[in-house]
Amino acid sequence: IYYCSDCMTKPTQFGDEPYILREDDVIFTDDVYDAMSDGFIGTCLHIIVTSGKITFRIGSKPVEAQMNDCLIMPNRTMINDIRLSDGFTMRSAIITQRFMRISLPKSNYEMKGLLAMAENPVIKMTSEEVQTILHDFTEVQLQHNRLTHIYYAEMVARSIEMMVLDMYDIHSRYHATELAGIDQSTRITRQFIVLLQEGHYRKNRKVEYYASMLNISPQYLSECSIKATGHNASFYIDYFTTQEIVRLLKRDDLTITDVAYKLDFNTTNYFTRYVKRTLGLTPREYREKFNLKSN
């Protein structure tokens with residue numbers, strides 16, 4: 001890994017302004033115990049089993065994956081009892097939630113897939129599909145190593161976007177029915193996600209609002225969300241809001257104040273603090289990263 005010694009991050013330049021892609025935003029490892037360790041909590045883990053078999057537990061739920069299976073785990077908590085067969089090999093890409101938010105494509109399938117993978121993180125694939133995803137892994141790693149590219153972060157983000165689109169394509173064709181017969185927690189979480197997809201987050205970023213719409217308590221909504229996906233309700237409100245912020249900040253006809261107004265933030269200072277918390281950059285820093293209008 002290539003680092004800046006002072007900030008332990010991977011630097012790249014956009015004009016005169018540096019954009020810092022943190023050293024832990026994208027990690028590759030072939031060691032399953034490393035990939036599943038608590039050191040990578042707060043990341044999304046993507047594993048392709050290239051030979052052999054692995055079994056483990058997520059909490060008390062048993063999981064098994066074998067050759068040509070893909071494991072996608074957006075929530076990294078409570079992995080235990082890892083067991084490997086002889087000859088087990090794998091490839092993995094580990095991406096922080098922060099950088100996934102920047103990289104995810106605009107697709108209505110993302111939340112459906114997330115809920116399905118919370119129920120079952122294993123995606124069965126053909127040999128040809130495995131080669132497609134392994135090619136995507138290689139492309140992400142290639143772009144990740146192009147540190148001198150003037151659009152380094154953008155190139156890494158777009159390669160991740162292509163990988164995710166290929167995974168959506170495979171998952172939607174073979175696994176879209178896995179939510180049939182879902183339990184109460186998943187059903188409530190889906191209803192909550194539908195409200196967010198309808199755009200309620202543009203004016204409402206309190207869990208209480210969505211709980212009221214669903215006639216349940218805020219605590220129960222978050223409990224259902226955690227049980228179904230591993231993330232609380234606030235995570236998804238922030239997720240949808242952040243995706244909209246990113247889209248609006250890339251519009252050169254809007255000032256930062258305009259973006260804050262469109263999303264009903266009371267002040268630009270509050271908006272700046274919110275963006276810094278969720279994206280790791282201020283709105284101005286985000287625009288400078290892409291050489292966009294900063295006013």
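Two strands pair if DSSP finds at least two bridges between them, and that rule is the starting point for this tour. Helices (H or I, at least four residues) and strands (E, at least two) are DSSP runs, numbered from the N terminus. The model is predicted, so local features need pLDDT of at least 70 and side-chain atom pairs count only at pLDDT 80 or more, while totals for chains, interfaces and linings use all residues. Residues are numbered from 1 along each chain as its sequence is written, and side-chain values use heavy atoms, with hydrogens and water left out.

**Overall picture**

The protein has 12 helices and 10 strands. Of its 295 residues, 50% are buried, where buried means under 20% relative accessible area, exposed means over 50%, and partly exposed lies in between (1.4 Å probe, protein chains only). A contact means heavy atoms within 4.5 Å. Among contacts between residues at least 6 apart in sequence, 70% join residues at least 24 apart.

**The three-stranded sheet**

Let us begin with arginine 57. Its bridge partner in S8 is asparagine 80, and in S6 arginine 57 stands opposite proline 62. Strands S6, S5 and S8 form an open sheet in the order S6-S5-S8, with antiparallel pairing. The edge strands, each pairing on one side only, are S6 (61-66) and S8 (79-84). Neighbouring strands here are turned by 15 degrees against each other on average, direction ignored. For such angles, axes are lines fitted to C-alpha atoms, for helices over the stretch in contact, and angles run from 0 to 180 degrees between N-to-C directions.

How many bridges join S5 to S6? There are 6, and the two strands run antiparallel. Strand S5 (residues 53-58) is also joined to S8, by 4 bridges and again in the antiparallel sense. Isoleucine 54 has leucine 84 as its bridge partner in S8.

**The five-stranded sheet**

Another open sheet has 5 strands in the order S3-S9-S4-S7-S10, and its pairing is antiparallel. Strand S3 (26-29) and strand S10 (122-124) are the edge strands, each pairing on one side only. Neighbouring strands of this sheet are turned by 15 degrees against each other on average, direction ignored.

Strand S7 (residues 69-73) pairs with S10 over 3 bridges, in the antiparallel sense. Cysteine 70 has isoleucine 123 as its bridge partner in S10. Cysteine 70 is buried, with a relative accessible area of 1%.

**Cysteines**

A disulfide is a covalent bond between the sulfur atoms of two cysteines. With the cut-off set at cysteine sulfur atoms within 2.5 Å, the structure holds 0 disulfides.

**Aromatic rings**

A pair of aromatic rings is described by the distance of the centres and the angle of the planes. Rings of Phe, Tyr and Trp (its six-membered ring) pair if their centres lie within 6.5 Å; planes under 30 degrees apart count as stacked, over 60 as edge-to-face and the rest as tilted. The count by this rule comes to 8 aromatic pairs, including these:

| Pair | Centre to centre | Angle between planes | Type |
|---|---|---|---|
| Tyrosine 201 and phenylalanine 240 | 5.8 Å | 40 degrees | tilted |
| Phenylalanine 265 and phenylalanine 271 | 5.1 Å | 65 degrees | edge-to-face |

The pair of tyrosine 201 and phenylalanine 240 links distant parts of the chain, 39 residues apart. Tyrosine 201 is in the loop between helix H6 (184-197) and helix H7 (207-213), whereas phenylalanine 240 is in helix H9 (residues 233-249). Both residues are buried.

Phenylalanine 265 is buried at a relative accessible area of 6%, and phenylalanine 271 is buried at 0%. Ring pairs link Phe265, Tyr270, Phe271 and Tyr274 into a cluster. A charge sits over a ring if NZ of Lys or CZ of Arg is within 6 Å of the ring centre and within 35 degrees of the ring normal. Arginine 205 lies over the face of phenylalanine 265, at 4.0 Å from the ring centre.

**A loop residue**

Is serine 217 buried or partly exposed? Serine 217 counts as partly exposed, at 36% relative accessibility. Serine 217 is found in the loop between H7 and helix H8 (218-229). Serine 217 and valine 207 are 10 residues apart in sequence, and their C-alpha atoms are 9.1 Å apart in space.
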